[in-house]
Amino acid sequence: MKKLLFLFALILFYSISDTYAQPISNKHPLTYYLPDITYDQNIPTPEQFFGFQIGEWHLTHDRQYQYIKMLAEKSPRIQLVEYARSYEQRPSVYLIITSEQNQQRIEDIKMRHQALADPVRSGSVDLAGTPAVLYQGFSIHGNEPSGGNAAPLVAYYLAAGKSPEIEQLLNNVVILFDPCYNPDGFNRFASWATVHKNYNVTADPADREYSEAWPGGRTNHYWFDLNRDWLPVQHPESRGRIKTFHEWKPNVLTDHHEQGTSSTFFFMPGVPSRTNPITPKRNQELTGKIGNYHAAALDKIGSLYFTQESYDDFYYGKGSTYPDANGAIGILFEQASSRGHAQESDNGILTFPATIRNQVTTALSTHKALTEMRQELLEYQRDFYKNAMNEAKADKVRAYVFGDKYDPARVNHFLDILLMHKIEVYELSKKTTAAGNTFDPGSAYVVPTDQPQYKLIRGIFETQLTFEDSLFYDISSWTLPMAFNLPYAGLGDGSLKGSKLEKVPQMTGSVKRSNYAYLLNWDHYYAPAVANYLMERGLRAKVAMESFSDGNKEYSAGTVMIPVVQGQTKNADEIYQLMQEASAKFGVSIDAAGTGLTPNGIDLGSRNFALLEQPKILLLIGSGVNSNDIGEVWHLLDQRYQIAVTKGDIGSFNRFDLDRYNVIVMASGNYNDISQSGVDRLRDWLQGGGTIVAMQNATQWLRGKGLSSVETKRSGGNNDNAGRRAYGQMQEDFGASSIPGSIFEAQLDLSHPLCFGLHRDKMPVYREGNFFVEPAKNIYATPLVHTANPLLSGYANKNNLEGIKNSAYITVTGVGGGKVINFADNPNFRAFWFGTNKLFMNAIFLGHTISNGATDRPAPVGQRE
């Protein structure tokens, strides 16, 4: 018996030694990744070009791009197209890969696919002579690198491979090959993994290589998740991709991702009950059929995988779901991530080459599926649009009307999204009233539903309150006119359309010379940009705290007045020149006032004009801070409003000269890296008149330090979890206990400075999670509060509905002479919530004007809840 135990221990020892002590080699021959066929010797392999084999090192974007560019130069099968430049000026490109014969008629193929998306013309397309179009894309999340590192191998195979299978593929399919959806994030992560690589690779998860520094490489330059931007199209990479998509109308789009290290490999379909109901059933059937090709290919190399679990096809803003609303099939791949060169996992040591191999394998199985399913996919594309038009004819909603007479900028940004997605928009032909709103020609537009993009129109305009499933991989609602705070309505009459809109109307501001004062209406989305531009150049400005009229025009509270003489250091000519520059730059009109005396309301010299301060903004960033949320603030201020900001890491807070700033922005997060001495400095700064704009649980951190008065309103989480529950129900219960991203109604106090520039006393706001806030104890300190029946669109369980109703969206705390503006959620979500951007910008520009009598005072630290 002792001998047997000794033998068992010996075997166990060597087994452990083999697992953890053997050197890890990431160098493999080309045949580890690609079929063992003949390749064109005139085209360099990745190893010959880079000087190392794929998988030994992480490719930076510049290296990947140079290789892709070389392939296009050497192979007659390939054309290279640059479709965008990232914020960091890296090229976003795709390759057109197909046979030489197809390259000669590439424009004809493109026109055929555009015709298939038009029911009027699709019947004339000869499907037998039409190649399918496959859009293959990699690594939209920069720190999911196996896709982007697989791309050169797949491109080499297509450029240099010689086999009957490749010949058949290239004759029957045009491949739009995007090697890197996210150049900036991909490069950021590659740099991290490379500089921390050991010569003797370690798989220990504790190694620094596997713990990226904040904010990580997942996101783009402004820390946005680009895989949520396919519908909002707010970033250059996304805009270029969508333009390419609609130029080509592909049949299938693939999106190669990574997931947790101890997972295996996932491919679509996702969870069946979580498919968007607008998506045709046939879409999921074809997705499943394509999945069979992936299963067979992964079986062949012995890789584990799963499907129809975890992931879904609901939100149309993701790369694998956007195609589903556009006559194509979206395919998501999720490979377990080594997040570096090798890492221990529940399935053994996961090496970087192994992750790349699975991505290559499923890229090639996609090729096989497209080759063999070409006819089916073309027929589906044609029938998708035909059926959509038939559904539109049966829909009671014949058109959607929307507009805003106060702010053309938000309307224009919404128009831009619609036109990007090839949705037909028309001017409103005559004044109409619908859903309690009046729409006027010149400021309102019509989207008929009877058009090929009917499915996507539904996905943009419709609300949804009932769901087959209570779990969501992403948000549950994104009704875009609500996100823009635009009045809109469905119409039973589609005859109100005037001229077709070919492009977004240009905003042209105007200004007349004044020798007394200029007036800037705060209604316009870009009014804060104009105010900042003028103050940055030395002009003094004041903001009206009450409304007034000059006899011809009404001016609401929030109007900015710039005197020409009093308090200015520039002369009238110089001031007029600045007015012209600002008006032209931002497309905002500025009015001239010839007298300070007004027939109605306050005069221009009234004490009810408060001094406007140019914002000097510090964004607190760093470990613990939600990088997406603070990135959205950075993007908003830097790109749209062209306001210079300072990004300060909270780990260095004690070194900041806080006197340089008058506004500090704190996105949701944990700020415990700020020491007690830092908290004391922050309190002193607040008491001296500073403004903090805090979101979500940043407000809780401030309360814990005695700097905010926010009181949370408790929610019961999941309303069905009382008593005894089945173990198998636990994951669903926990998932359903939090709002997954839904739209709620809030009531506004239009007299409050945080609501200046708004005219309707209710507005939609975005909410997720279950952080609910009690209204302030001071009856003047809650400018936005949720209504008693607040859910407008999306999912929320009964307990969360109970928690959010009558809860506060914004409260104001006073600390000495300073203010803390507490947002219960993120008003800048994913850069497409243009409506609530106004609230945030008011907090930045007007927070200091709020009366101390209209603020709550924080409870002493020892008395906090």
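Guide: This is a predicted model. Let us begin with a strand pair: S2 (residues 78-85) and S3 run antiparallel. Their pairing covers seven bridges.

Visitor: Which residue of S3 does Ala84 stand opposite?

Guide: S2 and S3 are antiparallel partners. Across from Ala84 stands a residue of S3, Ser92.

Visitor: In the hairpin of S2 and S3, which turn residue has a positive phi?

Guide: Five residues lie between the two strands of this hairpin. One in the turn has a phi of about 65°. That residue is Gln89.

Visitor: Over how many bridges do S3 and strand S6 pair?

Guide: Strand S6 spans residues 173-178 and is antiparallel to S3. Leu176 in S6 is the bridge partner of Ile96.

Visitor: Which helices do the buried residues of H8 pack against?

Guide: H8 covers residues 183-195. Its buried residues include Phe186, Phe189 and Trp192. They pack against strand S3 (91-97) and against three helices: H3 (61-74), H6 (146-160) and H9 (236-248).

Visitor: What distance does H8 reach from its first C-alpha to its last?

Guide: The helix has 13 residues. At 1.5 Å a residue, 18 Å is expected. The model comes close to that, with a reach of 18 Å.

Visitor: Which residues touch the most other members of the largest nonpolar core?

Guide: That core holds 169 residues. A second, separate core has 65, among them Ala132 and Leu134. In the largest core, the residues with the most contacts to other members are Phe402 and Val665.

Visitor: Why is the protein as compact as a globular protein of its length?

Guide: The protein has 22 helices and 37 strands. For 865 residues the globule rule gives 29 Å. The protein is as compact as a globular protein of that length because its radius of gyration is close to that value, at 29 Å.

Visitor: Of the contacts between residues at least 6 apart in sequence, what share joins residues at least 24 apart?

Guide: Buried residues make up 61% of the protein. For the contacts you ask about, the share is 79%.

Terms used: Residues are numbered from 1 along each chain as its sequence is written. This is a predicted model: local features need pLDDT of at least 70, side-chain atom pairs count only at pLDDT 80 or more; totals for chains, interfaces and linings use all residues. Side-chain values use heavy atoms; hydrogens and water are left out. A nonpolar core is a set of buried Ala, Val, Leu, Ile, Met, Phe, Trp, Tyr and Cys residues joined through side-chain atoms within 4.5 Å. Buried means under 20% relative accessible area, exposed over 50%, partly exposed in between (1.4 Å probe, protein chains only). Helices (H or I, at least four residues) and strands (E, at least two) are DSSP runs, numbered from the N terminus. The expected span of a helix is 1.5 Å times one less than its number of residues. Contact means heavy atoms within 4.5 Å. The radius of gyration is taken over C-alpha atoms; the globule rule is 2.2 Å times the number of residues to the power 0.38. Two strands pair if DSSP finds at least two bridges between them.
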